[in-house]
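Please look over the charged side chains of the structure shown here, with the briefing below as a guide.

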Amino acid sequence: MMIDPLVLLQAYSIGVFPMADDRDADEVYWVEPKRRAILPLDGFHLSHSLSKTIRRDHFRVSANRAFAQILALCAQAAPDRPSTWINHQIEAAYRHLHEAGFAHSIEIWEGDELVGGLYGVAIGRAFFGESMVSRRTDASKVALAWLVARLRVGGFTLLDCQFMTDHLRTMGAVEISQRDYLQLLGAAAGGVALGAGAGALSRGSGVAAERAFAPLAGDAVTGSPLAPSFTVSDPVSGQAIAQLLTQTS
């Protein structure tokens with residue numbers, strides 16, 4: 001059974017998200033953690049080695065150019081992850097959210113090969129990270145660093161990481177109570193109308209997401225589809241990203 005995209009957005013707006021037991025599971029269940037991992041946007045930990053990798057622009061970074069591919073890559077089994085919680089029903093739901101302008105991806109390329117990235121959902125000034133993947137050393141870390149920098153540029157106030165992991169903790173993530181999380185969520189996404197009807201889906205994530213992701217989503221040759229005046233001060237190079245994160249870490 002298909003997950004209704006509007007119901008999915010409404011669930012995020014109250015702190016709930018879907019998971020499945022296995023890639024081929026038929027059913028989806030809804031999760032509301034009692035302890036929530038978030039990554040404060042002014043508290044990202046940029047290591048010297050990661051800063052060097054980002055500044056060198058070893059990887060090419062884009063946004064929303066390969067959402068379906070990133071989603072599929074996150075859903076693939078890997079040696080350290082025999083199966084995932086992204087079943088086919090969940091995969092289809094997030095593809096619908098992307099088409100509606102609510103789900104976004106950061107893609108990491110090595111030449112023409114997609115080697116890592118992440119995806120999540122944006123509502124107002126809240127970004128809900130769903131999954132990230134790495135097929136090269138540091139690819140997912142680079143994706144997260146670019147995400148944090150772009151969210152800062154967009155004016156986001158909440159980066160939800162759902163569950164704490166050792167990997168996220170080293171990057172600056174912290175765990176907070178459900179009550180504290182809901183307060184942050186209300187401030188970040190409370191002004192977005194998600195009532196019944198197709199109108200809510202037609203509005204997309206909003207200005208903050210456009211400011212954050214559009215400069216990386218343009219044609220690979222011509223650059224951003226936005227006017228130069230809109231992006232001139234935005235960090236869109238590895239050097240600028242590392243500098244911004246160093247200033248705020």
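Which residues are linked in a network of salt bridges? Glu110, Glu113 and Arg136 are linked in this way, a salt bridge being a side-chain nitrogen of Lys or Arg within 4 Å of a carboxyl oxygen of Asp or Glu. The model is a predicted one, in which local features need pLDDT of at least 70 and side-chain atom pairs count only at pLDDT 80 or more, while totals for chains, interfaces and linings use all residues. Residues are numbered from 1 along each chain as its sequence is written, and side-chain values use heavy atoms, with hydrogens and water left out.

**The network**
- Glu110 and Arg136 meet through their side chains at 2.7 Å, N to O, and this pair links distant parts of the chain, 26 residues apart, with Glu110 in strand 5 and Arg136 in the loop between strand 7 and helix 5 (helices, H or I of at least four residues, and strands, E of at least two, are DSSP runs numbered from the N terminus).
- Glu113 also forms a salt bridge with Arg136, the closest N and O atoms being 2.9 Å apart, and Glu113 belongs to strand 6, 23 residues from Arg136.

**Accessibility of the partners**
- Arg136 counts as partly exposed because its relative accessibility is 28%, where buried means under 20% relative accessible area, exposed over 50% and partly exposed in between (1.4 Å probe, protein chains only).
- Glu110, at 26% relative accessibility, counts as partly exposed, and Glu113 counts as partly exposed at 41%.

**Across the whole structure**
- A search of the whole structure finds six salt bridges, among them the one in which the side chains of Lys141 and Asp138 meet at 4.0 Å, N to O.
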